[in-house]
Amino acid sequence: MAELWDLRDENGRAAGGTVQRGLANQPQAPFPEGRFHLVAIACVCAPGGRLLITRRAPGKFFELSWEFPGGSALVGESGLQAALRETMEETGLA
């Protein structure tokens, strides 16, 4: 199932419309001029100051690099909702 992202303006406000991720032969979605999409990252802190970091899969851009869990917000999601969903998808943590 294709991911759909809400279009936003340069200030992060809803700009109307959506864009589909990864159309045929395109690694990135085609964004209209001056339009963007929301990406959310989660910094999960545990008692004692420990942080949750993940490692990118082989074959992805920046493969095997360390990062916080996160990704693109789907249509209708807030940044918080996207961060929580991506953390669950990538780590299994709710």
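User: Let's start with Ser-72. What does the side chain of Ser-72 make a polar contact with?
Analyst: With the side chain of His-37, at 2.8 Å. Keep in mind that this is a predicted model.

User: Take Glu-3. Which side chain meets Glu-3 in a salt bridge?
Analyst: That of Arg-21, with 3.5 Å from N to O. The pair links distant parts of the chain, 18 residues apart: Glu-3 is in the segment before strand 1 (4-8), and Arg-21 is in the loop between strand 2 (14-20) and strand 3 (39-41).

User: And how accessible are Glu-3 and Arg-21?
Analyst: Both ends are partly exposed: Glu-3 has a relative accessible area of 23%, and Arg-21 has 43%.

User: What about Arg-85, which salt bridges is Arg-85 in?
Analyst: Arg-85 meets Glu-86 in one, at 3.2 Å from N to O. Arg-85 also forms one with Glu-89, where the closest N and O atoms are 3.1 Å apart.

User: Where do Glu-89 and Arg-85 lie?
Analyst: Both are in helix 1 (residues 79-91), four residues apart, which is about one turn of the helix.

User: Which residues are linked with Arg-85 in a network of salt bridges?
Analyst: Glu-77, Glu-86 and Glu-89 are linked with Arg-85 in that network.

User: Are those buried or exposed? Start with Arg-85 and Glu-89.
Analyst: They fall on opposite sides. Arg-85 counts as buried at 17% relative accessibility, while Glu-89 is exposed at 54%. Glu-86 is buried, as is Arg-85.

User: Stay on helix 1. What else is buried there?
Analyst: The buried residues of helix 1 are Ala-82, Ala-83, Arg-85, Glu-86 and Thr-87.

User: What covers them?
Analyst: The cover includes strand 3 and strand 8 (70-72).

User: How far does helix 1 reach, and what follows the helix?
Analyst: Helix 1 has 13 residues and spans 18 Å from its first C-alpha to its last, close to the 18 Å expected. Gly-92 comes after helix 1, with a positive phi near 85°.

User: Switching topic. How many aromatic pairs are there?
Analyst: The count is one aromatic pair. Trp-5 and Phe-31 make up the pair, with ring centres 6.1 Å apart and planes at 15°, so the rings are stacked.

User: Why does that count as stacked?
Analyst: Because planes under 30 degrees apart count as stacked, and the planes of Trp-5 and Phe-31 are at 15°.

User: Which parts of the chain does the pair tie together?
Analyst: Trp-5 lies in strand 1 and Phe-31 in the loop between strand 2 and strand 3, so the pair ties together parts that are 26 residues apart in sequence. As for burial, Trp-5 is buried with a relative accessible area of 3%, whereas Phe-31 counts as partly exposed at 29%.

User: Ok, cysteines. How many disulfides does the count come to?
Analyst: Zero disulfides.

User: Last one, Glu-67. Where is Glu-67 placed, and what is in contact with Glu-67?
Analyst: Glu-67 is in strand 7 (residues 66-67). Leaving aside neighbours within four places in sequence, Glu-67 is in contact with Ile-53, Thr-54 and Arg-56. The side chains of Glu-67 and Arg-56 also make a polar contact at 3.1 Å.

User: How accessible is Glu-67?
Analyst: Glu-67 counts as partly exposed, at 26% relative accessibility.

Key: Residues are numbered from 1 along each chain as its sequence is written. This is a predicted model: local features need pLDDT of at least 70, side-chain atom pairs count only at pLDDT 80 or more; totals for chains, interfaces and linings use all residues. Side-chain values use heavy atoms; hydrogens and water are left out. A salt bridge is a side-chain nitrogen of Lys or Arg within 4 Å of a carboxyl oxygen of Asp or Glu. Helices (H or I, at least four residues) and strands (E, at least two) are DSSP runs, numbered from the N terminus. Buried means under 20% relative accessible area, exposed over 50%, partly exposed in between (1.4 Å probe, protein chains only). Rings of Phe, Tyr and Trp (its six-membered ring) pair if their centres lie within 6.5 Å; planes under 30 degrees apart count as stacked, over 60 as edge-to-face and the rest as tilted. The expected span of a helix is 1.5 Å times one less than its number of residues. Contact means heavy atoms within 4.5 Å. A polar contact is a pair of N or O atoms within 3.5 Å; within protein, one must be able to donate a hydrogen and the other to accept it, and residues adjacent in sequence count only if both atoms are side-chain atoms. A disulfide is a pair of cysteine sulfur atoms within 2.5 Å.
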